[in-house]
Amino acid sequence: MSKANDPSLKSWIEVDPNSDFPIQNLPFGIFKTQSSSPRVGVAIGDNVLDLAIMNKLGFFDKLRIDNSVFTNQYLNDFIALGKQTTNAVRERISQLLSADNSELRDNKEAQGKVLQYISNVQMQMPVKIGDYTDFYSSIDHATNVGTMFRDPANALLPNWKHLPVGYHGRASSIVISGTDFHRPKGQTKPNEAEPPVFGPCRLLDFELETAFIIGKSTSLGENITTENADDHIFGMVLFNDWSARDIQTWEYVPLGPFLAKNFASTISPWIVTLEALEPFRTNGYKQEPKVLPYLEYNGDKNIDINLDVFIKPETAEETLVSHSNYKFMYWTMEQQLAHHTVNGCNVNIGDMMASGTISGPTADSFGSMLEITWRGTKPVKMKDGSERKFINDNDTVIMRGYCKKEGVRVGFGECKGKVLPAK
Ligand code: MN
């Protein structure tokens, strides 16, 4: 395990115990300020470390990195340096921020140049996303949906336990946390016996997901195995796959989701590296029946990531509506990637692969309003006394995620978005 993950490490920068960004995390993102153009940063406590200036000041000299990868509006070129280099950068930063290292600790002038308060910066999309795929890999979510819409006795379709079901989504409408959007409009069919109507979506939902970012490209015809999949995964973000349920119901047969999904998806701004998540690996559901050989894997490949969803009405405080966990995934990222490429489909740096809605086994851990309110039949109460079946205009949905073990909390920050009234 990397030295950067040592739970006993402390930074000379004060980090609140409840911060998502202790020295053991060091996630990468793109930020800008009023006076600076977009650049690569690393979060530490309430601060952002400016890697472009760090490199310019010589702190990464031994790594010999061209500064253009840091003065860049996306992380793609940095990621393209390869894990050997990007991990070395993370480890060098860990060293420089460690309490016992004096290089930056005792250089106040450099500190003034390389550290900014997170509250003073504006986070940008971390990567240029080429392609986006959404899986459907939570067994509790798939079972809930199958129970509601099909047959409780045969909730999972026959293929579900044999392959990680997924579909190709749209990258253009993936937005950074804090981006508001208008309620989508579209065709729905509220009455069975009558023709469809056009208008604002009435059943707007969130989907609690995570996404991983491809860190190493492949060529057409190449396959990624479960064994080498981690080499191709740079890191993870939180992902809200906003969904228009009434539009989805009318449009999705036979080719799956289309306009019900592509109006907006929100991601958290910091990419937590797979390396920072390694200490939190855990086992998952037992896969029965046995999967085909190309989907078999060794070791613990799930990750214990607490996932919370809150709804904040316009004029009230936020209410927790779900507490789930990434460990509830049936199919792992490694299996998803092996399956995605088993036919020779190539992947590129910056591609994003979302998990699918992550529901746990109990009602308080369901990952969508569809399940939490069971199609609107069991509304949830907000702290201000109002009720929600789905998401109202001017509601903000906030997702937070973090791992915690041995006193170390490695988190993702927030993934939030506000729903404005339809245009
Ligand atoms: Mn989804």
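Helices (H or I, at least four residues) and strands (E, at least two) are taken as DSSP runs and are numbered from the N terminus. The structure is a predicted model, for which local features require pLDDT of at least 70 and side-chain atom pairs count only at pLDDT 80 or more, whereas totals for chains, interfaces and linings use all residues. Residues are numbered from 1 along each chain as its sequence is written, and side-chain values use heavy atoms, with hydrogens and water left out.

By the DSSP assignment, the chain has 10 helices and 26 strands. The C-alpha trace spans about 75 × 55 × 35 Å along its principal axes. The radius of gyration, which is taken over C-alpha atoms and compared with a globule rule of 2.2 Å times the number of residues to the power 0.38, is 22 Å for the chain, in agreement with the value near 22 Å for a compact globule of 423 residues. Burial was assigned from relative accessible area with a 1.4 Å probe and protein chains only, such that buried means under 20%, exposed over 50% and partly exposed in between; of the 423 residues, 56% count as buried. With contact meaning heavy atoms within 4.5 Å, residues 24 or more positions apart account for 72% of the contacts in the chain with a separation of 6 or more.

The accessible surface of the chain comes to about 18,600 Å², of which 50% belongs to carbon and sulfur atoms; these areas come from the Shrake-Rupley method with a 1.4 Å probe, and for residues only the protein chains shown count as cover. Charged side chains were counted with Lys and Arg as positive and Asp and Glu as negative, leaving out His and the chain ends, and each charge was placed at NZ of Lys, CZ of Arg, CG of Asp or CD of Glu. On this basis there are 43 positive and 51 negative side chains, and the centres of the two sets lie 2 Å apart.

Distant parts of the chain are linked by the pair Asp134, in strand E6 (residues 132–135), and Glu207, in the loop between strand E12 (204–205) and strand E13 (208–214), the two being 73 residues apart. Both Asp134 and Glu207 are buried.

In the loop between strand E5 (122–124) and E6, Asp131 is partly exposed, with a relative accessible area of 47%. Leaving aside neighbours within four places in sequence, Asp131 is in contact with Asp351 and Met352. Helix H6 (residues 139–149) is mostly covered, eight of its 11 residues being buried; among them are Ile139, Asp140, His141 and Ala142. The buried residues of H6 pack against helix H10 (369–372).

A cis peptide bond joins Val253 and Pro254, with omega about 5 degrees, and Pro254 lies in the loop between helix H7 (245–251) and strand E16 (265–267). The peptide bond from Glu288 to Pro289 is likewise cis, with omega near 0 degrees, and Pro289 is located in the loop between strand E18 (281–282) and strand E19 (302–303). Leu26, although not a glycine, has a positive phi of about 55 degrees; this residue is placed in the segment before strand E1 (28–32) and is buried, with a relative accessible area of 0%. Arg64, also a residue other than glycine, has a positive phi near 50 degrees, but lies in the loop between helix H1 (51–56) and helix H2 (76–79) and counts as exposed at 78% relative accessibility.

Towards the end of the numbered strands, Leu420 is found in strand E26 (residues 408–420) and counts as partly exposed at 21% relative accessibility. Beyond neighbours within four places in sequence, Leu420 is in contact with Asp180, Phe181, His182, Arg183, Asp393 and Asn394. By contrast, the C-alpha atoms of Leu420 and Asp300, 120 residues apart along the chain, are separated by 41 Å.
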